[in-house]
Amino acid sequence: MTDTTDRTSVSAGEVSNPSQPLVTRFAPSPTGHLHIGGARTALFCWAFARRSGGRFMIRIEDTDQARSSEESARGILEDLAWLGIEWDDGPVLELKRPGSEARRIGGDARGVGPFFQAQRVPIYDAYAESLVRAGRAYPAFESSEDLETQRKAAIAAKQTYRYERPADVTPGVFNEARWSRACSGEKHVIRFLSLHEPIVVQDEILGDVRIAPGELDDFVIRKADGFPTYHFAVVIDDELMGVTHVLRAQEHLANTPRHVAMQRALVRLPEHGGPRPFQTPRYGHMPLIFNMDSTKMSKRDKAKAARAAVKQMLSSKQHSLQSLGDALRAFGGSRSGMATPESAAATAANFAAQQLAAFVAGDVDYVEVAETIAACFAIKLPEVNVYDFRRSGYLPEAIINFLGLLGWNPGMKLADGKDLEKFDQDFLATHFGLERIGRTSAKFDRNKLLSFNADAIAAMPAPAFVDRWRSWLSEFEPAALAKLQARNPDALALMAPSIKPRAKTFSETLKPLAFALMGDAEYAFDPAAVSKALTADGGAGISILRSAREALAACEDWTPSTLHSLIENLARDRGFVGDKGVNVGPVAQPIRVAIAGVAVTPPLGESLALLGKASTLARIDRCLASV
RNA sequence: GGCCCCGUCGUCUAGCCUGGUCCAGGACACCACCCUUUCACGGUGGUGACAUGGGUUCGAAUCCCAUCGGGGUCACCA
């Protein structure tokens with residue numbers, strides 16, 4: 001099995017058994033929420049499986065003990081489910097939605113689990129040993145400090161560092177001495193023994209990628225803590241779980257030769273149906289996604305944004321480091337989130353001045369710190385995780401559509417000759433293919449996503465909008481929802497027609513309603529608005545407002561349409577009639593400023609209806625009294 | 001630095017494989033006008049790109065080469 005030198009390429013056609021079902025997988029590591037880029041990978045894997053009548057699998061890569069958490073794993077599964085990306089094989093997620101039956105996603109119909117790598121360690125151990133016995137891997141005893149020193153020396157000498165194979169290690173020969181040292185408990189890692197053979201990865205998207213012989217050194221496949229490295233676990237699991245197609249981001253391209261090299265060396269064990277050589281799945285490496293400024297999209301963006309805001313506060317003397325820390329502690333530093341053991345420890349420090357100083361200085365980038373700062377001071381952080389977009393009021397269908405266009409394109413035209421850009425998940429399930437995945441990296445254009453989201457909201461029938469709006473509010477803005485419903489039990493249905501075209505996300509729905517969220521005596525009068533609508537022209541607006549107040553006080557039917565005609569009639573009576581009919585502005589603006597303090601509100605009829613008659617009159621009186 | 005990938009409007013892209021229908025089409029953003037009781041929505045129009053240089057060809061965004069530029073990767077992270 002070690003004689004592989006004559007194999008110079010891996011044919012994509014080697015996925016041998018035609019009756020073998022096509023299987024794709026998404027394999028996140030549970031170190032936080034689902035990243036928006038990961039969501040695209042998952043979406044493409046899902047779509048490809050659906051299009052091909054295959055299966056889509058989830059595997060959790062939790063071999064990094066320090067950074068993984070069960071909480072994150074569940075969060076990621078929930079994010080996927082929220083997007084509507086459901087897996088056939090993988091961890092089971094119970095979904096309980098109010099009003100509907102509980103649903104389960106996942107399971108192990110093919111009997112290939114468990115799907116958490118941490119639960120598969122005995123399997124990796126068995127294959128590592130088989131490799132050692134075949135002379136294709138060996139225990140190594142150097143300390144990581146020593147290796148680090150060597151690596152630094154090589155870099156200083158401007159040379160490429162490669163691990164140098166010990167002299168007593170020979171390809172294809174079982175090194176019994178090293179193995180017994182390892183078995184006796186001496187601290188060690190296991191390294192793969194790389195043959196100096198040329199490797200060609202036949203990529204479904206990029207074409208043949210050739211790696212010269214000698215580029216691969218003897219990399220680690222099992223860490224000193226006994227856990228497999230990513231490379232090793234992936235190769236074992238993809239084989240044992242029947243994965244036929246690996247679609248992943250291009251950052252993994254350079255790793256693929258390692259995987260191919262291991263697949264050539266590995267043989268299925270008898271307990272897994274062997275002996276039988278491992279197969280090489282088909283690979284497809286997808287373009288990377290960046291920020292608009294070409295930096296990598298990462299959670300560090302949040303730290304950057306929060307840091308910038310804090311620096312601003314410090315330099316404008318709004319806060320000292322001390323008062324900032326006090327404010328954060330008072331706010332309640334430890335809110336539960338997707339903490340990993342590492343970051344939880346950081347947040348636990350509760351924003352001691354020292355801790356904050358380190359964050360501001362950029363020495364640490366803890367997301368939890370950034371998010372607490374943002375929540376405490378109402379700073380908007382850039383969305384980078386699926387959950388961030390959800391919290392900001394994006395719709396899953398808009399995200400799916402946008403992601404589907406990031407690196408893929410249906411290449412179809414509409415009847416009017418325009419490109420087909422708007423599609424849903426079903427469309428992807430029936431039209432997605434690897435042929436039309438691009439090769440160039442893409443920048444994440446938040447504007448376009450926003451526009452897609454606005455279109456999706458606009459396209460929603462009003463009742464659906466009200467439902468979804470309500471559930472978003474109850475999840476993320478319960479206080480605002482309560483206030484609105486206290487004003488008017490039907491507030492949402494009443495305002496939906498005027499809010500829907502004005503909001504690009506659910507979180508934007510609250511801005512136009514700010515006037516109604518404040519108490520009748522709480523809002524301030526904007527001097528510029530007051531001057532323009534009321535006090536200008538010797539107080540023309542004030543006199544209009546007085547007569548409007550009278551008319552409103554006499555109004556019996558407090559509905560948007562009646563209120564609207566009332567205002568129109570007032571305008572007509574005052575003679576505000578031009579070529580194009582009645583000009584209601586001179587009447588509407590004074591009322592608007594009176595009831596909201598500013599010159600901008602949703603349409604007046606609806607706004608007054610939402611406030612109610614008593615509040616409206618009280619607000620006008622307060623305005624009249626103050627100008 | 002070694003190895004690898006990529007290069008069409010500001011951004012996402014169509015076109016490239018199978019050269020001519022492309023002085024390059026769409027979308028987002030931007031600008032202007034229209035609509036309009038504010039703010040939005042909507043409508044119409046506009047600005048705006050084949051990285052550069054060589055080839056091949058009657059003809060190149062499309063094929064070839066070079067240069068330049070961008071990115072990825074070289075961990076006991078995944």
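Two strands pair if DSSP finds at least two bridges between them. Helices (H or I, at least four residues) and strands (E, at least two) are DSSP runs, numbered from the N terminus.

The model is predicted: local features need pLDDT of at least 70, side-chain atom pairs count only at pLDDT 80 or more, and totals for chains, interfaces and linings use all residues. Residues are numbered from 1 along each chain as its sequence is written, chains are lettered from A and ligands numbered from 1 in the order in which they are written, and side-chain values use heavy atoms, with hydrogens and water left out.

**Exercise 1. The sheet**

Task: In what order do the 3 strands of the open sheet lie, and which residue of β6 is the bridge partner of Tyr138?

Solution: 
- Step 1. The order is β5-β6-β9, with antiparallel pairing.
- Step 2. β5 (137–140) and β9 (220–222) are the edge strands; each has a single partner, so one side of each has no neighbour in the sheet.
- Step 3. Take β5 and β6 (residues 189–192): 4 bridges link them in the antiparallel sense.
- Step 4. Within β6, Tyr138 has Arg191 as its bridge partner.

**Exercise 2. The RNA surface**

Task: How many residues surround RNA strand B, and which element gives the most to the surface?

Solution: 
- Step 1. Apply the cut-off: a residue is near a strand if one of its heavy atoms lies within 4 Å of it.
- Step 2. The count is 66 residues, and Lys223, Asp419, Glu421, Arg502 and Arg592 are the closest.
- Step 3. Look at the RNA side. Sugar and phosphate make up 69% of the atoms of RNA strand B that come within 4 Å of the protein.
- Step 4. Now find polar contacts (pairs of N or O atoms within 3.5 Å; within protein, one must be able to donate a hydrogen and the other to accept it, and residues adjacent in sequence count only if both atoms are side-chain atoms). Glu421 has a polar side-chain atom 2.6 Å from a sugar or linking oxygen of RNA strand B. For Lys448, a polar side-chain atom lies 3.0 Å from a base nitrogen. For His564, a side-chain N or O atom is 3.1 Å from a base oxygen.
- Step 5. The element that gives the most is α23, with 4 residues.

**Exercise 3. Backbone exceptions**

Solution: 
- Step 1. Recall the rule: most residues other than glycine have a negative phi, and most peptide bonds are trans.
- Step 2. The bond from Gly113 to Pro114 is cis, with omega near 0 degrees. Pro114 sits in the loop between β4 (103–107) and α3 (121–133).
- Step 3. Ser294 is not a glycine, yet its phi is positive, about 75 degrees. Its loop runs between β12 (289–290) and α8 (300–315).

**Exercise 4. A salt bridge between helices**

Solution: 
- Step 1. Use the rule: a salt bridge is a side-chain nitrogen of Lys or Arg within 4 Å of a carboxyl oxygen of Asp or Glu. The count comes to 41 salt bridges.
- Step 2. Lys302 and Glu371 meet in one, at 2.8 Å, N to O.
- Step 3. Lys302 is in helix α8 and Glu371 in helix α12 (residues 367–377), so the pair ties together parts 69 residues apart in sequence.
- Step 4. Check accessibility. Buried means under 20% relative accessible area, exposed over 50%, partly exposed in between (1.4 Å probe, protein chains only). Lys302, at 1%, is buried. Glu371, at 21%, is partly exposed.
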